[in-house]
Amino acid sequence: MDAVTPFTPVSALVGGALIGLSAVWLMAANGRIAGISGIAGGALAPSIPDRLWRLMFVIGLIAAPLIVMLAAGPVAITIEAGPLTLIAAGLLVGIGTQMGSGCTSGHGVCGMSLLSPRSLVSVAVFMAAGAAAVFITRHLIG
Amino acid sequence: MTDTQTARPAASLPAPLAALGAGLLFGLGLVISGMINPAKVLNFLDVAGSWDPSLAFVMGGALAVTAIGYRLVLPRGKPLFAERFALPAARQLDPRLIGGAALFGIGWGLAGFCPGPALSAAALGMAEVYIFLAAMLAGMAGWRWIVK
């Protein structure tokens, strides 16, 4: 069952701009790329001198929906994948982002803003792989 | 712990507080944009089916602000609460970059979660999110401890 979602260009642009502001602020304040897989993966690394700011960023990330829920009511999401798919997907996302040094935020937002060739290639590859995975699961075997 | 330098600016209070603020802004952006919803992400990737182009607008908004903002911030030479801008130095298009992006993309397309939205969605109290997060964090930690 594919859940149809409405096209929401305005909230998408506004939310995207907030993500951009976050990236600019983290660079201006701490000199860091706002790449979630780098921030989270770094926090999990064996020995690292700057674990605190990474954990604080993740706390902010998790606190944001709580604030929205307190201020504006429930945040509803739809997860179509079953438990085994979620485990496989989680492992692939975890390993893939560390192996490839970034995800939608680090390569997608920050790296493409810097016109990094590595980021442009990464985004092209993960977009294509994501679309292929969706096509196979929804249209070929779904 | 292994760091012997004293009085690291990044280890003082402003930098972690600035990171908390950045995380809050980022999370708000994920909720408002709808990126926190895996169904919306999967529908963006489903060009042949129930296509929802919203995610392209999220990316567009984020890129416009970041591209302009970085060009204002980076010429200042030094961040507010750290010694220098930590910009990635790697330049080569190696198999790790491409293989990693491919694995990540497949995982992203299977569940509709990338790392940011998955972490933010931990606030929603859904078992599915915790299953995904446990696997994702295990994958990240495994790579950092074993391979790197």
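Predicted model: local features only at pLDDT ≥ 70, side-chain atom pairs only at ≥ 80, totals over all residues.
Student: What does the C-alpha trace of chain A span along its principal axes, and what percentage of its residues is buried?
Tutor: Along the principal axes, the C-alpha trace spans about 45 × 40 × 30 Å. Chain A has 142 residues, and the buried share of them is 53%.

Student: How many residues does each chain bring to the contact between A and B, and what area do they bury?
Tutor: Chain A brings 111 residues and chain B brings 107 residues. The size of an interface is often given as the accessible area lost when the parts come together. Of the area buried here, 77% is on carbon and sulfur atoms. The total between chain A and chain B is about 9600 Å².

Student: Which three residues supply more than any others of the area that chain A buries against chain B?
Tutor: Together these three give 7% of the area that chain A buries against chain B. They are A:Ile77, A:Met99 and A:Arg118.

Student: How many salt bridges are there between the chains, and which residue of chain B forms one with A:Arg138?
Tutor: The count between chain A and chain B is two salt bridges. In the one with A:Arg138, the closest N and O atoms are 2.8 Å apart. The partner in chain B is B:Asp46.

Student: How many residue pairs are in polar contact between the chains, and which element gives the largest share of the side of chain A that touches chain B?
Tutor: There are 28 residue pairs in polar contact between chain A and chain B, both residues being at pLDDT 80 or more. On the side of chain A, the elements giving two or more residues are H1 (9-30), H2 (36-43), H3, H4, H5 and H6. The largest share is 21 residues, and it comes from H1(A).

Student: How do the residues on that side of chain A divide into nonpolar, polar and charged?
Tutor: We are still on the side of chain A that touches chain B. Its residues comprise 72 nonpolar, 33 polar and six charged.

Student: How many aromatic pairs are there over all chains, and what kind do A:Phe57 and B:Phe26 form?
Tutor: The count is six aromatic pairs over all chains. A:Phe57 and B:Phe26 have their ring centres 6.0 Å apart, with 65° between the planes. Because planes over 60 degrees apart count this way, the pair is edge-to-face.

Student: Where do A:Phe57 and B:Phe26 sit, and are they buried or exposed?
Tutor: The pair crosses between chains, from helix H3 (residues 51-72) of chain A to helix H1 (residues 14-33) of chain B. Relative accessibility is 0% for A:Phe57 and 4% for B:Phe26. Since the cut-off is under 20%, A:Phe57 is buried and B:Phe26 is buried.

Student: Why does the pair of A:Phe126 and B:Trp108 join two chains, and which aromatic cluster holds both?
Tutor: This edge-to-face pair is 5.7 Å centre to centre, with 90° between the planes. A:Phe126 lies in helix H6 (residues 117-140) of chain A and B:Trp108 in helix H4 (residues 95-111) of chain B, so the pair joins two chains. A:Phe126 is buried at 0% relative accessibility, and B:Trp108 is buried at 0% too. The cluster is A:Phe126, B:Phe104 and B:Trp108.

Student: What is the phi of A:Ser101, and what is the phi of A:Leu115?
Tutor: Most residues other than glycine have a negative phi. A:Ser101, in the loop between helix H4 (83-99) and helix H5 (104-113) of chain A, is partly exposed at 46% relative accessibility. A:Leu115, in the loop between H5 and H6 of chain A, is exposed at 59%. Phi is positive in both, at about 55° for A:Ser101 and near 55° for A:Leu115.

Student: Which residues does A:Gly90 touch, not counting residues up to four places away in sequence?
Tutor: A:Gly90 is in helix H4 of chain A and is buried at 0% relative accessibility. The residues that A:Gly90 touches are B:Phe132, B:Ala135 and B:Met136.

Conventions
Residues numbered from 1 in each chain as written. Chains lettered and ligands numbered in written order. Heavy atoms only, no water. Phe/Tyr/Trp six-rings, centres within 6.5 Å; stacked < 30°, edge-to-face > 60°. Helix = DSSP H or I, 4+ residues; strand = E, 2+ residues; numbered from the N terminus. Buried < 20%, exposed > 50% of the residue type's maximum accessible area, 1.4 Å probe, protein only. Contact = heavy atoms within 4.5 Å. Buried area = accessible area lost by both parts, 1.4 Å probe. Salt bridge = Lys/Arg side-chain N within 4 Å of Asp/Glu carboxyl O. Polar contact = N/O pair within 3.5 Å; in protein donor to acceptor, adjacent residues only side chain to side chain. Nonpolar A, V, L, I, M, F, W, Y, C, P; charged D, E, K, R; others polar.
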